[in-house]
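Hi,

Here is the structure I promised to pass on to you. Have a look at it first, and then read my notes on the ligand site and one of the helices below.

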Amino acid sequence: VDEYADQCSQQTCLSLNIDEIDISKYINGTDEDRNEIALLFDKSFHNYGIVRLINHQVSSTNELFDKAKEFFSLDLKTKMNYFVDEFFGYKPSGSTSVANYNGEKKTTLSDSVECFLSLLDQYDNLPTEFQSIVPKYMNETKSVINSIHQIVDMALELDEDNSITKNYTNHDKPRFTLRIAKYLPNEQKINFGAHKDYLGFSLIENDHVSGLEIEVNNRWYQVIPKPNSLLLIGGEFIERWTNNYWISALHRVSSVTEPRYSAILFTAPDLSKIIDVLPCKKCLENHSSKKYEPVTGYDHLQSRDKAQAFNSNDDE
Ligand SMILES: O=C(O)CCC(=O)C(=O)O
Ligand SMILES: [Fe+2]
């Protein structure tokens, strides 16, 4: 059972004050503006592992959610035609137990959420509802991630050869996955179990329906939705790249009282690439030793996907 389940219910929960990163100011601002933004980004990821992006120029969100509502309202049999594999397509509610992501069986409950996973530039088998909007939304959010990677390179003082930007571009196929989800009201306290994301940065569109909670210093906080903003959190690659100098925040979705839609872009370099500590001074200063063994993105993702599959741990 999730040991924190009672700590934060929607009414009594503290809300986290999240630092805001102005993307348009980063792109159009002076060197001084950019420095200031990189410093704030560094501080926020060192202390909390989350920032809010404003003035970000992703304009197709409402259209995406309209289409998501259309798609998820189809009958289950039709949606199951899009059930493909763990990386692409429709996933019915109950097929994961994400709180078990790291193999430490934290819960026996399945997640009460259905979702559709799309991969960047692989649009041939999309449902009609998603055919025009998913490529558009993925291109818009990918360009926000490109700006984020530039901020990261500045914040961690990485030289060009070792930059995050280069990690994503010097291999042919960076891995961008869009998860469009619908959370369903139910009797459980938690709709989507506590977990860290597995890869690089995740860009979360916060719907007007609240539910997202994040753990900071062993306490759960509610994340209040704010119109026209996006949330950015770091997956486990961020801890590995920075040797825990930056935080990959534990987060979950608590029970919802009305259907909640969300869209999350997960990002990673080519999955054959080795994920290892970056030569970043700040990341190695306080810890003389490396905290993680190098791993390929593929092996890491495989182990997470296997552990989170509902009931997969029961067979062992
Ligand atoms: O729906 C949300 O707000 C967060 C979802 C999430 O944590 C995930 O898809 O990994
Ligand atoms: Fe997540």
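Let me start with the pocket: ligand 1 takes up the space of the largest one. Keep in mind that this is a predicted model.

Which strands build the surroundings? Strands E5 (175-183), E6 (190-195), E11 (251-254) and E12 (260-268) are the elements that each give two or more residues to the shell around ligand 1. E12 provides the largest share of that shell, with 4 residues.

By residue type, the shell splits into 7 nonpolar, 3 polar and 3 charged residues. Of the 13 residues around ligand 1, the ones that come nearest are Arg179, Tyr183, His251, Arg260 and Ser262.

- Arg179: an N or O atom of the side chain is 2.8 Å from an oxygen atom of ligand 1.
- His251: a polar side-chain atom sits 2.9 Å from an oxygen atom of ligand 1.
- Ser262: here a polar side-chain atom is 2.7 Å from a ligand 1 oxygen.

As for how much of the ligand is covered, ligand 1 exposes 300 Å² when taken alone, and the protein buries 98% of that.

After H5 comes Glu157, with a positive phi near 50°.

Cheers

Conventions:
Residues numbered from 1 in each chain as written. Chains lettered and ligands numbered in written order. Predicted model: local features only at pLDDT ≥ 70, side-chain atom pairs only at ≥ 80, totals over all residues. Heavy atoms only, no water. Near = heavy atom within 4 Å. Polar contact = N/O pair within 3.5 Å; in protein donor to acceptor, adjacent residues only side chain to side chain. Areas by Shrake-Rupley, 256 points an atom, 1.4 Å probe, with all protein chains shown as cover. 1 Å grid on protein atoms, 1.4 Å probe; cavity = no way out; pocket = protein on both sides within 12 Å on 5 of 7 lines; lining within 4 Å. Sits in = over half its atoms within 2 Å of the grid points. Nonpolar A, V, L, I, M, F, W, Y, C, P; charged D, E, K, R; others polar.
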